[in-house]
Amino acid sequence: VDLSTSIAGVTLPNLLLNASGVNCRYENELQQLLDSSAGSLVTKSATLSSRDGNPEPRYAPLAGQIGSINSMGLPNQGYEYYLEYAKKFDYNNAAGKPLFISLAGMSLPDNKAMCEAFRDANLPCVLEINFSCPNLPGKPQLGYDMEAMEAALQVLAPIIGKPFGIKLPPYFDIAHFDQAAAIFNKFDNIAYVTCINSVGNGLAIDWESETALIKPKDGFGGLGGLMVLQTSLANVNAFYRRLNNGKQVIGCGGVTSGKEAFLHILAGASAVQIGTQLQEEGTGVFERVSKELEEIMVAKGYTNVEEFRGKVKTL
Ligand SMILES: O=C(O)c1[nH]c(=O)[nH]c(=O)c1I
């Protein structure tokens, strides 16, 4: 059974990888991903300068393994740390694993400076521009401001020059799928979109202590895990149906087993990112989910994912 896929001009020997933000801030964590069965890896979203992020507790799993809530606040080592990592990354590694770099500038000038630095370094890594961090106090998500998102892409796409991706927030209105896809279809080098980032500004409360689970923003944070699966499948399929010229979708949201990975591919995903389940289970999740996905494919008579990608049936 073949789980390989190609995105933005790079080939992933296995279509599973981490969701940006999970197990990917430090080099040792990135090495754990390389040593796992994941077919690739993406770094923690980087800002111009390093950041400590929001006060703890800032992440919590939810009771009943239904998901997680986080308000990390963009803690990262600063983009130069990840640029150096990308400079010394072994792109010809035996495992054939490509590298994705996530950037989440606090402003357009910051994003511009970081994209220029990566352009000048001329590396084989693929940039994933994060338009959807929900956890910066006082900062609205660019992904929810269509005009600002298009203006940013007018600046960044030409600088990046080569194929790149965008990390999107979940949309909940068909008009927003239409508007966002129409913007992305204007840029030839947008190779893919990753749907979805966490469902922004949920509130998890412990009923015994009557207290919010996380400290930042009065307990408001991004929701992930199984409980966001149906929203992520909808966003994957909405953009799969709307994007043209070979633009692809990476699915993210609610993948806890081979079954949800299979559903993401049915919805149109070319690759599948795992966040909450990676945080809770560790990097062994990639081998387990790969095996489960292979078993499902064998049981259904599929030998490769192209045979069923995007083939979700409607009634
Ligand atoms: O709080 C975070 O660091 C964070 N958390 C998320 O759930 N998504 C994001 O894109 C980011 I940058």
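Let's start at Leu153. Leaving aside neighbours within four places in sequence, Leu153 is in contact with Phe131, Pro158, Phe164, Ile166, Ile183, Phe184, Phe187 and Ile190. Keep in mind that this is a predicted model.

Now step back to the core. Leu153 belongs to the largest nonpolar core, which has 95 residues. The residues with the most contacts inside that core are Leu153, Phe184 and Phe239. Which helix gives the most to this core? Helix α4, residues 146-160, with 8 residues. As background, nonpolar side chains in soluble globular proteins tend to be buried together.

Next, a pair of helices. Helix α6 covers residues 229-242. It packs against α7 at an angle of about 25°, and the two axes are 8 Å apart. Angles under 35 degrees count as roughly parallel, so α6 and α7 are roughly parallel to each other. Their crossing is right-handed.

Which residues meet there? From α6, we have Leu229, Ser232, Leu233, Val236, Asn237 and Tyr240. From α7, we have Glu260, Leu263, His264 and Ala267.

Hold on to Glu260. The side chain of Glu260 makes a polar contact of 2.9 Å with the side chain of Thr256. So where is Thr256? Thr256 sits in the loop between β15, residues 248-252, and α7, residues 258-267. Not counting residues up to four places away in sequence, Thr256 touches Leu226, Gln277, Arg288 and Val289.

To recap, then. Leu153 is among the residues with the most contacts inside the largest nonpolar core. Glu260 meets α6 from α7, and its side chain also joins that of Thr256 through a polar contact.

Definitions and conventions: Residues are numbered from 1 along each chain as its sequence is written. This is a predicted model: local features need pLDDT of at least 70, side-chain atom pairs count only at pLDDT 80 or more; totals for chains, interfaces and linings use all residues. Side-chain values use heavy atoms; hydrogens and water are left out. A nonpolar core is a set of buried Ala, Val, Leu, Ile, Met, Phe, Trp, Tyr and Cys residues joined through side-chain atoms within 4.5 Å. Buried means under 20% relative accessible area, exposed over 50%, partly exposed in between (1.4 Å probe, protein chains only). Helices (H or I, at least four residues) and strands (E, at least two) are DSSP runs, numbered from the N terminus. Contact means heavy atoms within 4.5 Å. A polar contact is a pair of N or O atoms within 3.5 Å; within protein, one must be able to donate a hydrogen and the other to accept it, and residues adjacent in sequence count only if both atoms are side-chain atoms. Axes are lines fitted to C-alpha atoms, for helices over the stretch in contact, and angles run from 0 to 180 degrees between N-to-C directions. Angles under 35 degrees count as roughly parallel, over 145 as roughly antiparallel, 65 to 115 as roughly perpendicular and the rest as oblique. A crossing is left-handed if the near helix is turned anticlockwise from the far one by less than a right angle, and right-handed if clockwise.
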